[in-house]
Every structure is written in structure tokens, then in C-alpha cells.
Amino acid sequence: MGGMAVQGDGSSVIQGDGSSVIQGNGSSVSFLYKTSDTREPSPCITRTNLEEVPDGVSLRIAGVIGESIVDGPGIRFTIFTQGCKHHCPGCHNPQTHDFNGGKLVSMESVLEQVRKNPLLDGITISGGEPFEQAEACSELAKSVHAMKLNVMTYSGYTFEELIAGEADRPGWKELLEETDILVDGRFELARKSLLLKFRGSGNQRLLDVKKSLIRGMAVEANL
Ligand code: SF4
């Protein structure tokens, strides 16, 4: 879903087909930005390269954006996780669905990139489906919180599905607890809108996770 930048919203800036894209690639990770997507990369978005060093905690990612102003409030480091089983019709990130695709990188290499930028307000964990790598993503989010940055997470699962599944899915509870703002729900093509803040379709919600967990119900964030 994830942020597309929102993977979860179906409008993405990562495109793997190579056609009509602005392509930037580094030594280890390639980032392809589709010019026709609803969330085109702004001049403020930079590309960041990560080393493929799958030691310690590792994440399978499709790519990152070093500075994004479209994946949540402020300036954000966005990580697009690789792997999604939702297969929402109209998804703009089909290249993130394959659980064997993308690239395995160490969490530390991601954190290193985040530490380098004092302008960041937070990170956004998008996809793909971040909750398919919930344990690693929760570790990442925990480390980012220790830097006094906030965490926004996209998921094709609804908040209610995540709560219902947390007993059986490793890391779901932890990732929810380490998420400040959750954009939840699958991308629904019929409800697609370009007017929604940080979301792709009208069913998706911007949730204040801490308040939602305390009240035991979805509470909209005030952004
Ligand atoms: S299939 Fe749905 S949840 Fe998965 S990346 Fe695409 S829009 Fe997001």
C-alpha cells in the first residue's frame, strides 16, 4: 500500500515498467518514477541509494524516497516495502506485489539514511504491504521514534482487521503501537479521488493510532 507513494491508495510514484518514467538509479537500488501518476515526484523528492547488506534486521523493499512531501505531513523519508497480497484493482504499484521482488536491505542502512537528514519530520512506511513485514517494520519504527521523528504507515488492511489479526500475526501489534498515523484500507478504484489528502480512495482513513488503540475503535487523525 502502501504511501505511493501510497501503496495503499493505489496512486504511486514508483513504477516498474520503465515506460514514461523519470528514472534514477543508484548502484544498488533503482527508483522509477512514473510521470503520469497522480502523485508525481516533486522537485523536493530526492532519490537515495541503499546498500544491499542483509545482516541483522532486514527489510525487503521496492525502493525509498529520501525526501517526500506527499507521503504525510512535513518532510518524510518514505520506504516502499516489497510484497502485497491484496491485489487491489487499479493498484499503481503492481511491481511491489511479488514477495520475492525488490531488494533485501538492512534496517541499519535505512536508519543511516534517515539520520543523515536533519530536515526530516518523520518516516512513512508504505508498500507493498508493510504489515507483511511487521516485525522488521516495527523495529525500524521504534528506532525512528528514538530519534524523535514520527511514523506514518500505510496498510491495505483496515484498522479493524489489524486489531482482529494481531494475535495471530507476528509484529502486527508492535507495528500498530509504533505507528502514529495509519492510512488504512485497500485502494478502491471506484472511489478513487485526487482530492484526498495522502490517500487514493475515499474508503481509506487517516487514523490517529494512539487514540484508536486507547478507545478500541478507529479515530480519525487531525491533520
Ligand atoms: S494491491 Fe492494494 S494494498 Fe497492495 S500495494 Fe496495491 S493498492 Fe496497496
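What share of the 223 residues of the protein counts as buried? It is 50%, where buried means that 20 or more other C-beta atoms, placed from the backbone, lie within 10 Å of a residue's own.

Some housekeeping. This is a predicted model, in which local features need pLDDT of at least 70, side-chain atom pairs count only at pLDDT 80 or more, and totals for chains, interfaces and linings use all residues. Residues are numbered from 1 along each chain as its sequence is written.

The protein has five helices and 10 strands, taken as DSSP runs numbered from the N terminus (helices H or I, at least four residues; strands E, at least two).

Next, the core. The largest nonpolar core has 38 residues, and Ile 123 and Leu 140 touch the most other members. Such a core is a set of buried Ala, Val, Leu, Ile, Met, Phe, Trp, Tyr and Cys residues joined through C-beta atoms within 7 Å. Helix α2, residues 134–146, gives this core its largest share, six residues.

Now the helix pair. Helix α1, residues 107–115, and α2 have axes that come within 11 Å and cross at roughly 30 degrees. Axes here are lines fitted to C-alpha atoms over the stretch in contact, with angles from 0 to 180 degrees between N-to-C directions. Because angles under 35 degrees count as roughly parallel, α1 is roughly parallel to α2. The contact (C-beta atoms, placed from the backbone, within 7 Å) is made by Met 107, Val 110, Leu 111 and Val 114 of α1 and Ala 136, Glu 139, Leu 140, Ser 143 and Val 144 of α2.

Terms used. Buried ≥ 20, exposed ≤ 12 C-beta atoms within 10 Å, placed from the backbone. Parallel < 35°, antiparallel > 145°, perpendicular 65-115°, else oblique. Contact = placed C-beta atoms within 7 Å.
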